[in-house]
There are 2 protein chains.
Amino acid sequence: MEKRDLLFFCSMCRDKSAEEIEKIKCTIPHMVKEYKRGEHIAYQGDKVQYLIMLIKGKVKTEIVSNSGLTLPMEEVQAPYPLAAAFLFADDNCFPVDVVALQDCEVLYISKDSVEAQIAKCPGFLRGFMAFNANRMQYISERLKIFAQKGIKAKIVYYILSREQNGEFNFERSIVSLAEYFGVERPSLSRAISEMVRDGIITFQNGKGKVLDFDAMENLLL
Amino acid sequence: MEKRDLLFFCSMCRDKSAEEIEKIKCTIPHMVKEYKRGEHIAYQGDKVQYLIMLIKGKVKTEIVSNSGLTLPMEEVQAPYPLAAAFLFADDNCFPVDVVALQDCEVLYISKDSVEAQIAKCPGFLRGFMAFNANRMQYISERLKIFAQKGIKAKIVYYILSREQNGEFNFERSIVSLAEYFGVERPSLSRAISEMVRDGIITFQNGKGKVLDFDAMENLLL
DNA sequence: TCAACGGCGTAACAAATGTTACACTAAAAA
DNA sequence: TTTTTAGTGTAACATTTGTTACGCCGTTGA
């Protein structure tokens, strides 16, 4: 194993130098498995017994209903942990099927080894926690956006959570923002245009200013 | 919010009563502070330096924009941890203001003490992880529902993730399901009626059967 | 018994959003 | 240079969802 697991241990044990990571690699028992394109890496309902790291390739996850229908969920690029949050959950089952989209390599570390490593190495704990916490933070943020009813409310929420002195920068294209909001691009475009027309904000090239904070607040209800 | 697994992060302790929790307080270094109704327990942007447990009372959380507008987020009843996921996040700041709705008691355990306890007591680790994992699971599930475009798609998703042999039970009232989906009750009611009319499902008193799986699948697109 | 209430279905209409299509621009590729 | 491509705004129309109001039913409590 070479550079790719450096990435792995960088994310899981981030306060170590490369040399120290070398040592750690030797001290954590692990397995590596390879999967061909199209193979299942895990099935929904499987127990998550290992910390599972996708170290090479790309996978997709999908929900499988009891009647065999599949609902695509998301695609994951290496390097990335799979179901890391569920290793310690009460219901520690894969919530999805995991299928290789390319030839993949997957690294497994048993739960016991993870716990042992956590006890030994605070950095590993921090890395693991930070990963889960960051993911949680991201998901929470998205949930708050989704919970806003109406496109304008989402826009207002998004702007208010990042404006400084009334100025804001979307940091995304309209296309990706629409996707992030879960709405259609023309709908988002129209909503922004209307807010500009109504004198609530200015907007150009992803940047803008808030002109009427009261109107903004009303849009949140 | 799921209160069922509250909290006390020692899995050995999770089913303990308030009295038994008293003992645990003795084995981990900690502080207890009291807050009057209306006082701020934490401000958005504060560093999360402690594992913070609301052990008595009720609080509300709200986002505060840079310009002073507040967006209410959620209410939390004791006992429940506050911002537990953020203790180890890279950006370990409170994402919200926390304000006491009643007189409250709050317990603080320093990050170091938490790490020490985790190293000492695998049960504590499991409890902490399980709490975060369960919360993540809950939030992920809601996010998946929200991500479904259109009420019928949400219904289909909800049904497919819990049907057995084509039979399902909502386990909730229409009112609370509408809230869970983030839609209005009459809209949900109408959508269900239409699906019944179209021969896709049967439905009565919160229970029903899937009649046409193909039609269900089509509604997910 | 009756009144009050909450949960539910339904309908008519209003409002928001999706859909589709087209035009314009800037940047990248040919 | 010209052509292509991606990103964007806009419009007209279709569809979905929200809003409001009403009636029905079962439960609760006076």
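Which residues come nearest to DNA strand C? In this predicted model, 16 residues lie around DNA strand C, and those that come nearest are A:Gly150, A:Ser187, B:Ser173, B:Pro186 and B:Ser193. Sorted by class, the surface near DNA strand C has seven nonpolar, five polar and four charged residues.

DNA strand D is surrounded by 15 residues, of which A:Ser173, A:Ile174, A:Ser193, B:Gly150 and B:Ser187 are the closest. The surface near DNA strand D is made up, by class, of seven nonpolar, five polar and three charged residues.

The two protein chains also touch one another. In this interface, 42 residues of chain A are in contact with 43 residues of chain B. On the side of chain A that touches chain B, at least two residues are supplied by each of helix H3 (111-120), helix H4 (122-147), helix H5 (151-160) and helix H8 (213-220). The most is given by H4(A), with 16 residues. The class composition of this side of chain A is 24 nonpolar, eleven polar and seven charged residues.

In general, two copies of a chain are related by a rotation about an axis and a shift along it. Here, chain A is superposed on chain B by a rotation of 180° with 0.0 Å of shift along its axis, and the RMSD is 0.2 Å. This is the relation of a two-fold axis. Within chain A, the residue that comes closest to the rotation axis is A:Ala119, whose C-alpha lies at 2.1 Å. Of the interface residues of chain A, 100% are also interface residues in chain B, and the copies therefore meet through the same surface.

Conventions. Residues numbered from 1 in each chain as written. Chains lettered and ligands numbered in written order. Predicted model: local features only at pLDDT ≥ 70, side-chain atom pairs only at ≥ 80, totals over all residues. Contact = placed C-beta atoms within 7 Å. Helix = DSSP H or I, 4+ residues; strand = E, 2+ residues; numbered from the N terminus. Nonpolar A, V, L, I, M, F, W, Y, C, P; charged D, E, K, R; others polar. Near = placed C-beta within 6 Å. Least-squares fit on C-alpha atoms with pLDDT ≥ 70 in both.
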